[in-house]
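Welcome! Please take a look at the sequence and the structure below, and then we will walk through a few parts together.

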Amino acid sequence: METTERIVEAYVRYVKGWLTITNVKCEGQLEIDLLAVDVFDPKRIRRYHIESGVSISGGFSRLTNKPFSTENLKVRVKQASQRRTLGYFTERKFAGPGVAEKLKAFGFLPGNYTKVIVSWGWEADVPAAAKQAGAELWDFRDILKEIAEKSRADRGYFTDDTMRTLQLMALATKS
């Protein structure tokens, strides 16, 4: 599990209070980053399929609406740009071979869960395209800010290493 995925899981578990399952293996060497369930309202259980694609390196930090190509994903020099496209998430991460079957095994059926893409920002045309594709966008920077706010307000001890590290960082940088 990548560090950014761990941070997103910590956010979902400790800030949102949702139940989580990480790194769900699917056929075709695919993997679901995070499944989350919000059970605060027993009359309405909310399910989330969350995929993270966070990069801070120059031209690859923002999510784009450029065309996605499975063939280009196989070309080493084109992989990074392909992984920063909305199509990569909608066509591969949310709908790749074996993903729907694995989601179904966990009770995630079409129409009863929310697809979420976590990114370090996106280009201006991405939100409308993501909405049309049935996906929500979460900005990783906002997640970090919410974790910091919770950590500064709640002095409880976290046994989760990721959340504890973020809590210490938030307290150390407190103005």
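Helix α1 is followed by G17, whose phi is positive, near 80 degrees. This is a predicted model, in which local features need pLDDT of at least 70, side-chain atom pairs count only at pLDDT 80 or more, and totals for chains, interfaces and linings use all residues. Residues are numbered from 1 along each chain as its sequence is written, and side-chain values use heavy atoms, with hydrogens and water left out.

**Helix α1**
- Helices are DSSP runs (H or I, at least four residues), numbered from the N terminus.
- Buried residues (under 20% relative accessible area, 1.4 Å probe, protein chains only) of α1 include I7, V8 and Y11.

**α1 meets α7**
- The axes (lines fitted to C-alpha atoms over the stretch in contact, with angles from 0 to 180 degrees between N-to-C directions) of α1 (residues 3–16) and α7 (residues 140–153) come within 10 Å and cross at roughly 50 degrees.
- T4, I7, V8, Y11, Y14 and V15 in α1 are in contact (heavy atoms within 4.5 Å) with F140, I143, L144, E146, I147 and K150 in α7.

**Residue Q167**
- Q167 lies in helix α8 (residues 161–172).
- Is Q167 buried or exposed? Its relative accessibility is 1%, so Q167 counts as buried.
- Beyond its neighbours within four places in sequence, Q167 touches S151, D154, R155, G156 and F158.

Note on methods:
Helices (H or I, at least four residues) and strands (E, at least two) are DSSP runs, numbered from the N terminus. Buried means under 20% relative accessible area, exposed over 50%, partly exposed in between (1.4 Å probe, protein chains only).
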